Amino acid sequence: MAEIALETHGVCDQSASKSATRHFLDAGFDFTGGVAGGVASVYVGQPLDTVKVKMQTFPKMYTNAWLCFRVTLKQEGIVRGLYAGTVPSLAAQVSENAVLFMAYGLCQRGVMTLCDQSSVSELSILQNATSGCFAAFFSSFVLCPTELIKCKLQAMKEMKVSGRIVAQGEPATRHIGPWSLTKQIVRENGLRGLFRGLVPTFMREMPGYFFFFGGYEFSRTLLTPPGTKKEDLSSLRTVVCGGIGGMALWAAIFPSDVIKSRVQIQTHSEKPPSFFVMLAKIGREEGVRALYKGLGPTLLRTFPATGALFLAYENTKKGLAHLADGAGIV
């Protein structure tokens, strides 16, 4: 009897060990899938993201997105114009999505435990959306510094034209790269300077990713054919679901993004205004419509970019899980 108890105990320990290993691997799969998704989304959506930032931060220079796109392409070209800030954007998207999707998976398992469910696949749309909201808190710390550098690089020409950089003693013709800009910010403001706009980032990311993951899961539920699983959706349907999730995010949080961009492109010597001070300033001087400046190119960019993100994420995660299953890790 004692031998049977010991044997049973050993089997349970072995099963628990395998389960813990698989949970650890799942977090790694989510992380790696987020990296792949971040790279895909940047190269698909960067040109229109540049247009969005320029229109948000210097709304009086461009009357519409098409004009901004043409002027940027003509005066600055593709690499230094439309793809300005690609390096920090890659850093931002790769690091944010790696942390975001890993945290999302962990938060899903936390919500699953709290709601006394046996599997993540059993979570409701609302529970998945809540998991995304909590996950965005952690990814905001990674996103804020890289987003700061990206926004400043994307609006560099306009800052020169407006005299902001010259006022800081920088030659108007000098090209500033991401690394030199990062060193300049740290030299003048310390490491805290890299987190300018953190509160607006929280206020954008957390509600935004509630709608992002909620919209994605809602779309997957609608587009899953009867008798099949959401995990078996075709690539095209996955892209569509990702695009819908991305558009839900930006439609919900665009005003917060405008405020974040305005706060982050302030010169280093200026005291950064608070979220609500900047909101009041924009409303008073430019009107409510200014809070939606650049929404058109953003939605246009978001659909293919987030579609590519989720396609890369799901396929990467599925491929790694298949390799783990083949290795006998359950």
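**A close look at Thr302**

A: Let's start with the side chain of Thr302, which reaches the backbone oxygen of Thr298 at 2.6 Å. Keep in mind that this is a predicted model. Thr302 has its place in helix H11, which covers residues 295-326. With a relative accessible area of 1%, Thr302 counts as buried, because the cut-off for that is under 20%.

So what does Thr302 touch, leaving aside residues up to four places away in sequence? The answer is Gly246, Met247, Trp250 and Gly307.

Now for a helix pair. Helix H9 spans residues 235-264 and helix H10 spans residues 275-285. Their axes come within 10 Å and cross at roughly 105°. That angle makes H9 roughly perpendicular to H10. On the H9 side, the residues that meet H10 are Ser256, Val258, Ile259, Arg262 and Val263. Their partners in H10 are Phe275, Met278, Leu279 and Ile282. Sorted by class, this contact of H9 with H10 has seven nonpolar residues, plus one polar and one charged.

Zooming out, the chain has 11 helices and zero strands. Of its 330 residues, 47% are buried. Looking at contacts with a separation of 6 or more, 81% come from residues 24 or more positions apart.

Terms used: Residues numbered from 1 in each chain as written. Predicted model: local features only at pLDDT ≥ 70, side-chain atom pairs only at ≥ 80, totals over all residues. Heavy atoms only, no water. Helix = DSSP H or I, 4+ residues; strand = E, 2+ residues; numbered from the N terminus. Buried < 20%, exposed > 50% of the residue type's maximum accessible area, 1.4 Å probe, protein only. Polar contact = N/O pair within 3.5 Å; in protein donor to acceptor, adjacent residues only side chain to side chain. Contact = heavy atoms within 4.5 Å. Axes fitted to C-alpha atoms, helices over the stretch in contact; angles between N-to-C directions. Parallel < 35°, antiparallel > 145°, perpendicular 65-115°, else oblique. Nonpolar A, V, L, I, M, F, W, Y, C, P; charged D, E, K, R; others polar.
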